[in-house]
Amino acid sequence: MEYIIHQEKIGNGRHYGRITVRQGKQELRFELEVTNSEKHVTSRKNTERDRQITAIARGYLDLAVHKRDYRTWYQDTWEAIEQFEKAGGDMAWVTLGKAWLYESHEETGKARETLSYVKEHQELLDTAEKKGAYLYLAWKLKMEVGHTELVSRLGTLMRQESASYFLLKLAIDADDSWQQSLTRQLYAMELCYECGCKSPLLYLDAAQLYLRQEGQLRRISPFTVQVLKFAQKEGILSGELLKRAAYLTETMKTFDENVYQILTAGYERFPSDEVLEAICKLVMKGRPVRKEYFPWYAKAVERNIRITRLYEYYIETMDASFDEVLPQVIRMYFSYSNTLAGQKKALIYANVIKNREKDRHTFQSYRPAMEVFTARQIQKGRMNREYAALYRTFLKKPEDPDSAKAIANVLFTHHVTCENPKITRVIVCHPAMAGETSYPMTERGAYIRLYGKKARILLEDEQRRRYAVTETCRVEPLFMDKELARACGGFAIENPGLLLHLCGEQEEEMQLTAENLAWYQQAARTSAFSSAYRKTVRQKLLEYYLAHPDERETEAAVAELEDSAYAKVDRISTIELLVRYGRYSRAFALTDRYGYEKIPVSCLFRLAHAMILEKEFTEDEELLYLASYVVKQGIYDEIVLCYLRDYFTGSIEDMCSLWDKIRGFQMESDKLEERILTWSVFVRSHPKWEQEMLESYIRQSGKEQVILAYLTYLAIGYFMDGKPLSDQMFDYLDRAWKQGWELDEICRLAMLKHLSTKPQLSEEEEKEAHTLLLAFTKQGLRFAFYKDLPEHLTEGFQIGDRMFIEERQRAEAKVTIHYRTNAEETWKSEPMRNMYQGIFVKEFLLFYGEKMEYYLTFTNRQGEGKTEVKTVSMTGEPKVGKTRYQLLNQMKAARAAGDSEKAEEAFQKYLQQEALVRNCFALVEEKKQQEDTTWNRKI
């Protein structure tokens, strides 16, 4: 342990001290010894001389008051003088002391011999007191000093040392005139005292004079007080002198502690009514209500002494723990005249209540006054042990909020006492409360309020250090009344402590009923409680509301519910509760703020349905989210579906699911279908039921541009990606084409491709296919699927004789075909034509039995690429036809099969065909020449 000692603040020599550290019941002590070596240390010899001087004076006093016999005194004094001499004492005093002892022992010769040394060494008499002592002894021993000279010279010395009683005593003993007047002696003694003399010899002689004649004590002054204290200390104070002093205290205007000590100590030796009365009157002139004065007041009451306000001071100083029956005179006095302060009245009344079994008459006579007093004091909030006794006896159940509030303010009061004087405050912490409560300690006690078993008590000292309660502290309940507490709770007063007691500290203590529901509702609103406690209370309230939906109190509570606060405790229960009682807007606000996960879907459906109607079908983003969530969970009706139909915009999949539910109710769905179709085109998605949706949209007379756009989108999927398309969609395309709608080229390509897939075409379809084929051929658009059309439609377009190589790449790609036939060794390369949006096509003419190998290379944004080598050939039975290409293939096939007859037949047909072509083209050429000649002539 480290500590600091300030050297400049310690005196000479050695110093002893102790450091004490207390912590609860533990106490540590450290003994210290400090020596200041840098300062002068008083000599041990000086200390010894002082000790012997004191011993000589003490011996003389003991002899004077008969505490020591002469022989013992004589021996002790000789030893003290010798020790004084050994310690280096003043030689003059040593010699004078010895001469004095010889003289008192009637050894005159030795006394003269001893005193002669001083006579021969006059330089030793360097003080007035030494000179006076020498003169007095010389006169006593008749050594050339006469009486007149002695008196004269002593008078002169006294004037030089007016504060020396030693010289005054010598003068009194030497001069007979002093002996004749006690008054003169006492007067001279008091003057000497006033000049600063504090010699015990002065007090001794003055006391002996007062004892000789008590009447000489005429007033109480500082001098007489010191004399009386000395007389009392030395045990020479007489009873008569004490009475004289007690009588003179009547003239005192103020209280004097020394006089009080003299009287009280004297009363113990010489008890008398006069002294007792003087004591009581004296303390009444100072602070008469101090607790230590009660025994004197009690004795005065017991002795039936009549003093003004004695009875009042009796009560004022009476300790609260006083359990005995009050004296009869006190009871009678205060039953007729009671001007005491409230706390002292309470003390009397509490005493009456404690002893009512012993004194029923007094209790009954005091009862009306006590009841009125109790009613007034409770309104002021007064509380201590005495008030608690009154409250326990006379308080009734409150009849109005004011009285309930007053009672609640003193309920659950406990008294804490602590023996540690350093404790200044008591701190009470309730876990359920938001803060702590501080109570001041007065007279090592504090009145605190504890509302539950979980409360914690801490003690705080002046340094604001805190300690746990130990065995040195006691906690005593003063006023606990559960019935009164419940009665006060019925008035809804603001008292957090009362609410805590009524509601309970722990969750398991909280038992809600219709009768106590208001307490918990109030507790939930009270900011004095901790957030955790209010959360628990709100949870209990929600459980009660949900368990008792038909009670009137529940409906009223829901109307005033703090929605946000309760939602933080239990979001699901709060929203369910609000929906159950039709508070839809508030419930919707909570779902908007906290979400609606895990809330029962039936509750959310009811909320969504009600809010749609409340908002009159106006668009609201959060309401849309709620309605769509409910529908996804599989609960909906026409109202919810209608609202979503008009405003919902989500993923294509979600909107399609919604559309599927709507068509089950046979509701108009054109707005939703339009959004789905439009978004699908925008995001390039093909939703489920897209063709059924388009069909429904068309039936409901949808917008032409939307229908046409989506038909085009479907056509792209069909033609470019091979997505299947129903015949109904092609019917719509065909109808649009016939009605003159501006169909995109891709739509017409899709229509032609669809016709190529049919096993048999009607006459109208053939005309349509021919028209489309003719138009595309003129545009140079030729595709492999043309070969799937009926041969009589394609024979005029040289399609049947061709082999089509198609490759699909990005539209910006460059594709090159590398090929060779079985008759060639080198590869040939040609660019492939981008026939339409990345469909690259190359046509080849192969004869029967001829094979061609090819591979493709391409370049696009991702880089370059190359396909595997593939082989195509003309195999199988050649088609029966009359074109030169077909006839040549027939000849080659027949020859390869060894059928010369067939080969010859095909050859003859080929020659006929060749001659026919030559003649036809010759006639055409001749006719053209004739027309040109005629035209030239006209020019």
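Two rings of Phe, Tyr or Trp are taken as a pair if their centres lie within 6.5 Å, the six-membered ring being used for Trp. By this criterion, the predicted model holds 42 aromatic pairs.

As for solvent, W679 is partly exposed, at a relative accessible area of 38%, whereas F682 is exposed, at 67%.

The pair F719 and F783 is likewise edge-to-face, because its planes stand at 85°, with the ring centres 5.6 Å apart. Here F719 is part of helix α36 (residues 704–721), while F783 sits in the loop between α39 (763–778) and α40 (791–794). The contact therefore ties together parts that are 64 residues apart in sequence. Both F719 and F783 are buried.

Aromatic residues also gather in a group: Y60, Y70, W73, Y74, W78, W100 and Y102 form one aromatic cluster.

Finally, arginine side chains meet aromatic faces as well. R309 is placed over the face of Y313, 5.2 Å from the ring centre. Over the face of W689 lies R663, at 5.3 Å from the centre of that ring.

How values were computed
Residues are numbered from 1 along each chain as its sequence is written. This is a predicted model: local features need pLDDT of at least 70, side-chain atom pairs count only at pLDDT 80 or more; totals for chains, interfaces and linings use all residues. Side-chain values use heavy atoms; hydrogens and water are left out. Rings of Phe, Tyr and Trp (its six-membered ring) pair if their centres lie within 6.5 Å; planes under 30 degrees apart count as stacked, over 60 as edge-to-face and the rest as tilted. Buried means under 20% relative accessible area, exposed over 50%, partly exposed in between (1.4 Å probe, protein chains only). Helices (H or I, at least four residues) and strands (E, at least two) are DSSP runs, numbered from the N terminus. A charge sits over a ring if NZ of Lys or CZ of Arg is within 6 Å of the ring centre and within 35 degrees of the ring normal.
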